[in-house]
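Dear colleague,

I am handing over the structure below, together with some notes on what turned up in it. Please read the notes with the sequence and the model open beside them.

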Amino acid sequence: MSETLSRRDVMIRSVPALAMAGALSLAGPLLGATIGEGHASPIEHDAFKDGEYVLPPLPYAYEALEPHIDAETMHLHHDKHHQAYVTNLNKTLKELAAADAAGAVPAAPLLSGLQEDLSFNAAGHLLHTLFWKTMGPGAGGEPQGALADALAKDFGSVAAFRARFAAVAGGVKGSGWAVLAYEPLAGRLIILQVKQHDLQLAPWAEPLLPLDVWEHAYYLKYRNVRGEYVKSWWNVVNWPAVDEALKNARYRYRREG
Ligand SMILES: [Fe+2]
């Protein structure tokens, strides 16, 4: 039986996590390792160290996802693109802190630009961190257990989820993501079509399975045929990691299946 949560309950239970995450709802799964005994997440807390955001190492070799995702793409994507979001996130926070230290609030256009940079780079860093960890060599297949049940309950069937998720990914205009997320108010799974890294995300909804459809994720191998990349990507989805993230999200909000 699911516990019914009021909006106030959800707010109260979300606040500590938000405070820890610097008001980023995206950070939920990344903080999973701190949730409690028996609810540790496979998503390690390795994207922030010694007061700075850092590039987490890939949890597998660059060529491990071949032939579905090629090693050169992984090198560029992880070492260059993801690193750039980390670098710019730290830089933005330093610029904001410098303004605070100087006792001067930046002029409105500059401040708005910094806020945009903060959101863009923070979301880019966190989504990529989750992206690497929800893929793996020898993965793919079908989701099992609680995750499979939740997908069937909220989308009709796992096949219907796959079809909708692929359509959402294929329909991203320009750069963005398809994201399977846990919406804690209703205790259900939703698919978000995220523009860039940060637009059209739902507050408190925790990304469980993000698919990067920026061209840097697939263009070297798949050129302009995004649909082929999405079709191939299912072969590297680490379903047990997604299942674990769902369990952690439910635990955080004291919900059952
Ligand atoms: Fe990316």
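Does T73 count as buried or exposed? At 2% relative accessibility, T73 counts as buried, where buried means under 20% relative accessible area, exposed means over 50%, and partly exposed lies in between, with a 1.4 Å probe and protein chains only.

Before the rest, a word on the basis of these notes. This is a predicted model, in which local features need pLDDT of at least 70 and side-chain atom pairs count only at pLDDT 80 or more, while totals for chains, interfaces and linings use all residues. Residues are numbered from 1 along each chain as its sequence is written, and side-chain values use heavy atoms, with hydrogens and water left out.

The chain has eight helices and five strands, taken as DSSP runs numbered from the N terminus (helices are H or I of at least four residues, strands are E of at least two). Along the sequence they follow the pattern α-β-β-α-α-α-α-β-β-β-α-α-α. Of the 257 residues, 47% count as buried.

The iron ion has as its protein donors H77 (NE2), H128 (NE2), D212 (OD) and H216 (NE2), which lie 1.8 to 2.1 Å from it; donors are N, O and S atoms within 2.8 Å of the metal (3.2 Å for Na, K and Ca), and water is not among the atoms, so sites may look incomplete. The spacing of these donors along the chain is H-x50-H-x83-D-x3-H, and both D212 and H216 are buried. The angles among the four donor atoms run from 88 to 138°, and the site is irregular; four donors count as tetrahedral if all angles lie between 85 and 135 degrees, four count as square planar and six as octahedral if opposite donors are over 155 degrees apart and all others between 65 and 115, and anything else is irregular.

Not counting residues up to four places away in sequence, L96 touches L111, L114, Q115 and L118.

Helix 4 (residues 145-155) packs against helix 5 (residues 158-170) at an angle of about 70°, with the axes 8 Å apart; axes are lines fitted to C-alpha atoms, for helices over the stretch in contact, and angles run from 0 to 180 degrees between N-to-C directions. The two helices are therefore roughly perpendicular to each other (65 to 115 degrees; under 35 is roughly parallel, over 145 roughly antiparallel, and the rest oblique). Helix 4 contributes A148, L151, A152 and F155 to this contact, and helix 5 contributes V158, A160, F161 and R164.

Helix 4 and helix 8 (residues 239-252) pack at an angle of about 75°, again with their axes 8 Å apart, which makes helix 4 roughly perpendicular to helix 8. This contact involves A146, L147, A150 and L151 of helix 4 and W239, V242, D243, L246 and R250 of helix 8.

Finally, some backbone details may deserve a look. A cis peptide bond, with omega about 0°, joins E66 and P67. D50 is not a glycine, yet has a positive phi of about 50°, and at 81% relative accessibility D50 counts as exposed.

Conventions
Contact means heavy atoms within 4.5 Å.
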